[in-house]
Every structure is written in structure tokens, then in C-alpha cells.
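Welcome! Here is a friendly briefing to read alongside the sequence and the 3D view.

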Amino acid sequence: MSYKRTLITSALPYANGPVHIGHLAGVYIPADIYTRYLRLKGEKVIHVGGSDEHGVPVTIRARKEGITVQQVVDRYHNLIKDSFEKFGISFDIYSRTTSSIHHKFASDFFRHLYDNNKFIEQTTEQFYDEETNEFLTDRNIRGECPYCHSQGAYGDQCEKCGRTLSPDELINPYNAINGNSLTKKSTSHWYLPLDQYQEWLQKWILEEHKEWRPNVYGQCKSWLDGGLKPRAVTRDLDWGIPVPVEGAEGKVLYVWFDAPIGYISNTKELCDAQPEKYGKWETWWKDPDTRLIHFIGKDNIVFHCIVFPSMLKADGSYILPDNVPSNEFLNLEGDKISTSRNWAVWLNEYLEDFPGKQDVLRYVLTANAPETKDNDFTWSDFQARNNNELVAIYGNFINRALVLTNKYFNGQVPAQGTLTDYDKQTIEEFVNIKTQLEDLLNNFHFRDAQKEAMNLARIGNKYLAETEPWKLAKTDLQRTGTILNLSLQIAANLSIAFEPFLPFSSAKLRKMLLMDDVKWDRLGAIDILPQEHTLGTAELLFEKIEDAAIQAQLDRLARIKKENQLAAWQAPEIKKPTTIDEFDKMDIRVGTVLECQKVKKSDKLLQFKIDDGMGGRTILSGIAQSYPNPEELVGKQILFIANFPPRKMMGIESQGMILSAVNADNKLVVTTVSNKVQNGAQVG
RNA sequence: CGCGGAGUAGAGCAGUGGUAGCUCGUCAGGCUCAUAACCUGAAGGUCGCAGGUUCGAUCCCUGCCUCCGCAACCA
């Protein structure tokens, strides 16, 4: 397969929140590694990205926060763009779907298909809110479930009984956002008849792209086997790109129709701005010598492999994706990453907490990339990979080589004398690194490729350990020089090999080596640094990350988890009906805590001494785990049941039961009175 | 319900119809130039469960279990 240029796209992040490590691991780091790799090889390549700013969720968010939709997308577009820049995600252009170029382009794209009869028009009855003048999506309609009759079932599914529903089945449907009741209104939309592309897609994907990753291929096969149906490409909304057809007021292009067109319009924006550098946008999208690669997450497979190619095919003048490397998902500390639950490591926050450590996150996310299945990100793994791999293996090797050179050769590259058999054996181990890396990178195996690069540092450490130049320096300075020369050549190789993965560190290393140029072709060579070349100032390539920094992150997550638990809490169901007579049998009293301490050898029991106004009593209560400092209860007036029969626990007699509330986190909270009352006062 | 992906050493992950691998962690030894880093070696697995095909299955087939996605502000 030969090609002249490569067009790389990264999934457009939705401008409804900051980006997090899942986005980075799933899409942007692999895309960036691949882009940097091709650039390093001197190939023609552009990397196109941008924010997806249409669709319903941004409008909901704006309404919730009382700001305009434009303000929402501006805020997050800028935040996202800034995060990408700081992490070195090297886009040639990062634009947005609200740009005027995109609006015009997407509009023209639609119109062109429309004029060529590529759409079918269908009229359906849909639920409508007369007050807000809007049609509702299935998910925003709620009502009574027709099967289990629970309230609040969604238009697509009942949470209670799990049945799949359609909005028509709901009893008394209402708007989930404002509670308004709904009426039915007919509306017409344009559909892309995917069924007409079925046969063509089957041949194109199932026969001609068997090399796609199993998850991608399998997902496509599943959709194709199920039979494709026409898919709506317009929506009744006021936020988006107006449908460029007479009489289509109030309708916009469906966000999934306009977003991928953003890849094209952003390319156009780039090329129009710098035609001398990038040429014509059509070259990137219509010349069969261009190779198109989409980097996406697994939730986007169907749109990039089925829908968008069908759109391009419908137009007829575009090339199609050559590969769609899709990653699975990254979890965080065992739980699914979630924007709404704030369960994420946000890039903007990471940059504040770990300034200058972008490469550490890049390294960890690549080392543990979810290439074949969902993976887990943990902070302890993050720390371990930094301290044990980046610092101990890579950084340490560089430091050893430089310190030794400074010590014995005043920071000048010594001459490479006669090579011993062991030298040759070592060279043999990494001379093929270029081919190995290329094989892995060409096939999108970034995790393995990075491991291969790290292996070079291991080879370096081993070489120093075996040859022991610090000993030889006393007897044979010439041999010492050869060893250090070779070590420095390995260091120079490392800066090239890691360039796609850890661009900031590679630049830093080149500065330390005063190595001005980096060429992929030189990878594997042992004469990158010339004899007597003067090295720059040595500094540490990576720094250790202390436990305290990791603990701070874990504490933050624990706090969020607790907040979520409280937010998600629902009151338990009311018990069976009882009577006032039953209640009256309980003699509930107020008493003041005189003493409170843990019962020895018990995990759960606290021993209370209570002033009950009748000479005092001892009560045991199983709440020790909720009160690590029991003395804080001393002096409080609490409620207790006074007429339970005494009961021995852990050898102590308990004369009653203290009343506690069970909180959302299952912690028990002792009940008390709002004003001071006499001890022994009755409650009823 | 269905469809797709996944389940392999304490942790995180590769891999293959024929002796099960990598990184980290653990343990032992070596080294001391280096950010107490580095090097060598060892221990540690009925490859989710149950059947089947095969001379032989972790791999292929069937069934089941669990997790994730398709499908709620998600890459």
C-alpha cells in the first residue's frame, strides 16, 4: 500500500466540559504519537481536530447555568484547546464546529446531497412542548411505565423494570426538564438511507479491511448483520446549523451529521489560511494518494465506520478512511470515568497539580493504554511507573552517562576506540530498534512501541553495569572513553526513539546533549554525537513523585466519591403501617451523656453512662465505627429507649437503646434534642 | 432480550493449536558511577466455569457466569 500523504483526525471532543485522562488515553495521545512519528520520518502529514459545539447537551447546560449556549461552548472550547496545547498534542489545526467556515461547509455539504436526491424525507408524529416550543428527544420525555406502572420512566427505557420503551407507550408523558405536559405534533425530517449503502459497506469493511482492530471490525459486522436503516440527519432544535432548504425553519443538522464534516471544514480552514504550506484542502480529502486515519474511542465506531463513510460515499468525491484505530475505555481507580459524576482526572487540574509533568501522564497512559480492552488508571500505578521506570531506568541512565562523562572527560564526548565483542553484542541489541519501532507504530501498537523505546534505556543500564567504566577509569582511560562514547550514543538514540511519546523530555535531553537535530533515520546509529562534541548542562530528566502528592489525589477522589454517594442517596421505603398504640409502648427518654468510651476488644460497641434523671444507667450502642472520637458525645442530650429489657454484651449490661439515624454513607448519627430539656423527659 | 469487545501470576497487561510471556511488586545475591537508583537470579498461574472437536486446547466450537460498550452530559 503506497500513499503520498496522511490525514489524521482525532475525535472532536464535546464542548460541554473539560477533557480528562480518558480522552487523552483513548484518542489524543495515540493520534499525537502517530502524527509525530510520521513527521519525524519526514512524511507529509496533518493532524486535524476541533471542538464539537452543537447538539442538545450544551443547550441544557446553558439553561441550567443561566448563561448563553455560546458562552458554554466558548468556555470549554478554550479550556480544551489550552489543555491539548499544554500536553503537546500537536494539531495542525484545532478549530470548532461553530466557525463560520464550518457552518457554510456543512451547509453546502448537506445541500449538495439534497440536490442530488441522496436523502429521503419522512414525516412522523413526535412529542412537543407547547410552552417552550420544542420537540423532545426520547430521553427527555418521562412518564408512567406501561408495564410496571412506576413513575418517571424514560422515553426509551424504564429504569425500574428495565424494559425498552418508546415514548408513545408512556402514560401521561411530560418534559423531563420542566415537567410540562406534552402534545403530539407532526414534523418532517431528512434521512440518509443507510440501507442503500449496506452492500457496498459490507464489501468495503468486511472484505477489504480485515486488518482493522477486532473491536472495530466486530462492531461493524454486528451493525451490518443486523441490517442498516435510514438515519435522520436533521433535528428540531434552535442550536446548530440551519437546514439549508426552503421551509425548513427551526430545523438544524443533526450533530452527528455536522461533526465529522468538521474534519473536512477544519482542513479547509487550515489550507485556506496557509496555502503555500498545506496546499489545497481537496488534495487531503479527494486525492486517492491520501491516507485517512480516524482516531476515536469505541463509542464512536459506528459513526466513523458506517455513517460518515456513507455520507462521503453519497457525495462521491471523497476518499474513505484507511483505518479507524479505536481504543476501549479507561477506568479510574476501578470505576467508570464520568463527567457528570466528576469521576475523572481533568487535564486542566492535572496541569496545576503536576506542573511540567505532562510527559509522565503521556507515558503512563500509553504504557497502560486500553488498546485491546478496558484498562484501569490508578494513582499508585502512576507513581510507580514514574519512579520505577521513567526515573529509575530512563532518567537514571541518562544521568549516569552524563555524570561519568563530566567526571572523566570534562563533558566532552570521548573517542570511540576499538569495539570489544561485548560492545558489538550490545550494539546488536539495539541496532534493529528502528525497524522494530516502525513495525509496531505502523500497526498502531503504541503501548508495545513505547516499551521497546524504554528497553533501549535498559540496554544502556546493563551495558554500564557490565563494563564498569568507573573502575576502568583508574587503569584504562581510553577504554573508559569508548564505553562512555557508546553510552552517550545510546542516550542520543533515546531522544529520538522517545520523541513521538515524550516530546518534552526528548527536547530536554537534546538540550543536555546539545544535540540540535533529531532525525528518525539516525535511529540505531552509533555515531550520532561526534567525538569531542561538548555536552550541555546535566540536569535530572525526571523527578520522583512523593507519596504526599499521590495521597492528595486519592483524598480528592475519596471526597468526590462521598459527595456522589450523598447525592445519589434515596430515602428507604416506608415500613408497614403501624398504630399509635404500638408506638406508645416504646418509652423514649432524653438523657445527658456523662461518659462515653470504646468497649475494650470490641470493634463496634461504645459504652455510655447516661444521666436519665433517675439515678443514671449504662447503655451500649454499636456505633463505634461512626464515632472514632467517642468523647465528643459527652455532654450531649440524646434519645434512648428506656423500657427494653437489659441485655449483656461483651460482659457489660446495657439498659436501653440509643437512637441513631443512618446516613447515606451508612454512618450512624446519634439523635439529640433541639433545646435543653430535663433529663428523663419523655418523648412522644 | 439481542449484538460487539473482554475475563491469563499479588497488580497492570501481552500472546499462541504443541515447554505460558512482559512490566511493576515480593524474596535472594551482586554493584556503588547514578535520583537508595542499576545488574543477575528465584518464587509466584488448574490462562472465568462446564462440556465438545483434536494425538494434543489458554487458543477452535457450544453453553453458562461476570465486566464494559451499543444505550442517559461518555473517549
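The notes below cover salt bridges, a pocket, a surface patch and some backbone details.

Please keep in mind that this is a predicted model.

- As background, side chains of opposite charge can pair when their charged atoms come close.
- D289 and K4 form a salt bridge, and their closest N and O atoms are 3.3 Å apart. This pair links distant parts of the chain, 285 residues apart: D289 sits in the loop between α9 (281-286) and β13 (290-297), while K4 belongs to the segment before β1 (5-10).
- D289 counts as partly exposed because its relative accessibility is 26%. K4 has a relative accessible area of 56%, so K4 is exposed.
- R362 and D32 also form a salt bridge, with 2.6 Å between the closest N and O atoms. Because R362 lies in helix α12 (residues 358-367) and D32 in helix α1 (residues 21-40), the pair ties together parts that are 330 residues apart in sequence. Both R362 and D32 are buried.
- E349 and R556 meet through their side chains in another salt bridge, at 3.4 Å from N to O. Here, too, distant parts of the chain are linked: helix α11 (residues 347-353) holds E349 and helix α20 holds R556, 207 residues apart.
- E349 is partly exposed, because its relative accessible area is 32%. R556 has 12% relative accessibility, so R556 counts as buried.
- D32, R36, R362, E499 and R510 are joined into one network by salt bridges that share partners.

**The second largest pocket**

- Which element gives the most to the lining of the second largest pocket? The answer is β4, with five residues.
- Elements that each supply at least two residues of the lining include α2 (56-65), β4 (120-129), β5 (134-135) and β9 (183-192).
- Sorted by class, the lining has 16 nonpolar, 10 polar and 12 charged residues.

- M586 is found in the loop between α21 (580-584) and β19 (588-598). Its relative accessibility is 34%, which means that M586 counts as partly exposed.

- Most residues other than glycine have a negative phi.
- L514 has a positive phi near 50°, and L514 is a residue other than glycine. L514 lies in the loop between α19 (503-513) and α20 (547-568), and it counts as partly exposed because its relative accessibility is 45%.
- E532 is not a glycine either, yet its phi is positive, at about 70°. E532 also has its place in the loop between α19 and α20. With 54% relative accessibility, over the 50% cut-off, E532 counts as exposed.

**Across the chain**

- I89 lies in the loop between α3 (69-86) and β3 (93-96). Is I89 buried or exposed? I89 counts as buried, because its relative accessibility is 6%.
- The C-alpha atoms of I89 and A642 are separated by 68 Å, and these residues are 553 residues apart along the chain.

Technical notes:
Residues are numbered from 1 along each chain as its sequence is written. Chains are lettered from A and ligands numbered from 1 in the order in which they are written. This is a predicted model: local features need pLDDT of at least 70, side-chain atom pairs count only at pLDDT 80 or more; totals for chains, interfaces and linings use all residues. Side-chain values use heavy atoms; hydrogens and water are left out. Helices (H or I, at least four residues) and strands (E, at least two) are DSSP runs, numbered from the N terminus. Buried means under 20% relative accessible area, exposed over 50%, partly exposed in between (1.4 Å probe, protein chains only). Ala, Val, Leu, Ile, Met, Phe, Trp, Tyr, Cys and Pro count as nonpolar, Asp, Glu, Lys and Arg as charged, and the others, Gly among them, as polar. A salt bridge is a side-chain nitrogen of Lys or Arg within 4 Å of a carboxyl oxygen of Asp or Glu.
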